[in-house]
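Colleague: I would like to learn to read a model feature by feature. Can you take me through one?

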Amino acid sequence: MTATASTTTVRHTRVPAAKTPPSGRLRAWATRAPLLPALIFMIAVTQLPFVATLVISFFDWNALYPDARSFAGFENYTEVLTDPDLRKSVLTTILLTASVVLASLVIGLGLALLLDRSFPGRGLVRTLLIAPFLLVPVAAALLWKHVLYNPEYGLFNGLLHWVGGDSAAQPDWISDTPLLAIEASLVWQWTPFMMLIILAGLQSRDSELIEAARMDGAGDWQVFRHLTLPHLRRYLELGALLGSIYIVQNFDAVFTITSGGLGTANLPYTVYQSFYQAHENGLASAAGVLVVIGSLIIATFALRVVSSLFREEASR
């Protein structure tokens, strides 16, 4: 009977849940408190303007006629997706982004393979190759527009004249190939970024695995195709995603080189035209929201690639 009673007492006895002491809570808040001003500032600078833009995008709002403002629902978004000029700007944005990212990746891969080898002056060459990425985007666009593309005193036409003499062609690069002119300037500026990412991937390869492949008779092309390229897949994806996030939102090169003319107006430039020139606040806000949504989708994939890279490095 005594044993049964004691067993019953033990079964019905509840262990009190562990509570965080007040000192622990105060310590936790003390460690988080210094971050609150930065969090509040970030919300005020980034999130509140986006919320305001989202609200404005649902209104038919022309700044020249403020009293005629009215709720339009999704009409602005419908116009962005159905208007021929706006749809053309979306296609231009996709074409510009895809061509610049692909060209930058291919050239960056070649430069990274070059810098992965040891040769005299490699540090100087690496510094010079990184320099274009450090320039302000507007300054880089002005450099290409006036120093390289100018039909009268530009470097490109000067080289053509030096090679072919007085009979050499002197094309107007911006007028003849406007979109290609913008793409070339962006590729020049973003190739160093791709090169650095790919170079980091090359230097993280397993050297013992490569040496074993060479001892088995594998050549340079076989090592690159079967070992190097599969290893660089994540790094190439990361470079493509991060580059796409920027190129989708690029405004500087389009505004500086062609001012959106000759069929080069991308979606960010169209937002600028709608807001500052046509004063269509609602329409411009809707287009801006679509740009942000597209950037967030690309950024989500980029974060997944980064996290997978970290997991792979941690598992080694």
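This is a predicted model: local features need pLDDT of at least 70, side-chain atom pairs count only at pLDDT 80 or more; totals for chains, interfaces and linings use all residues.

Colleague: How many helices and strands does the chain have?

Modeller: Helices (H or I, at least four residues) and strands (E, at least two) are DSSP runs, numbered from the N terminus. Here there are 15 helices and two strands.

Colleague: What share of the residues is buried?

Modeller: Buried means under 20% relative accessible area, exposed over 50%, and partly exposed in between (1.4 Å probe, protein chains only). Of 316 residues, 33% are buried.

Colleague: Which residues touch the most other members of the largest nonpolar core?

Modeller: A nonpolar core is a set of buried Ala, Val, Leu, Ile, Met, Phe, Trp, Tyr and Cys residues joined through side-chain atoms within 4.5 Å. The largest one has 35 residues, and Leu 96, Ile 182, Leu 186, Ile 198 and Ile 247 touch the most other members. Helices α5 (84–115), α7 (137–148), α10, α12 and α13 each give at least two residues to this core. The largest share, 13 residues, is from α10. A second, separate core has 18 residues, including Tyr 77 and Ile 298.

Colleague: What does Ile 247 touch?

Modeller: Contact means heavy atoms within 4.5 Å. Leaving out residues up to four places away in sequence, Ile 247 touches Leu 96, Thr 97, Val 100, Val 101, Leu 186 and Trp 190.

Colleague: Why do the buried residues of α4 line one face?

Modeller: An α-helix has 3.6 residues a turn, so residues three or four places apart point the same way. In α4 (residues 75–82), Asn 76, Tyr 77 and Val 80 are buried. Down the axis of α4, these buried residues fall within an arc of 100°, so they line one face. The arc is that of the directions from the helix axis to the C-beta atoms.

Colleague: Now loops. Is Ser 57 buried or exposed?

Modeller: Ser 57 is buried, at 0% relative accessibility. Ser 57 sits in the loop between α3 (36–56) and β1 (59–60). Beyond four places in sequence, Ser 57 touches residues including Asn 76, Tyr 77 and Val 289. Asn 250 is another loop residue, between α12 (220–248) and α13 (252–258). Asn 250 is buried at 1%. Asn 250 touches Leu 186, Asn 266 and Pro 268, not counting residues up to four places away.

Colleague: And the rings: how many aromatic pairs are there?

Modeller: A pair of aromatic rings is described by the distance of the centres and the angle of the planes. Rings of Phe, Tyr and Trp (its six-membered ring) pair if their centres lie within 6.5 Å; planes under 30 degrees apart count as stacked, over 60 as edge-to-face and the rest as tilted. The whole structure has 20 pairs. Phe 133 and Trp 190 have centres 5.3 Å apart and planes at 70°, so this pair is edge-to-face. Phe 133 is in α6 (residues 122–134) and Trp 190 in α10 (residues 178–202), 57 residues apart. Trp 190 is buried at 9%, whereas Phe 133 is partly exposed at 28%.

Note on methods
Residues are numbered from 1 along each chain as its sequence is written. Side-chain values use heavy atoms; hydrogens and water are left out.
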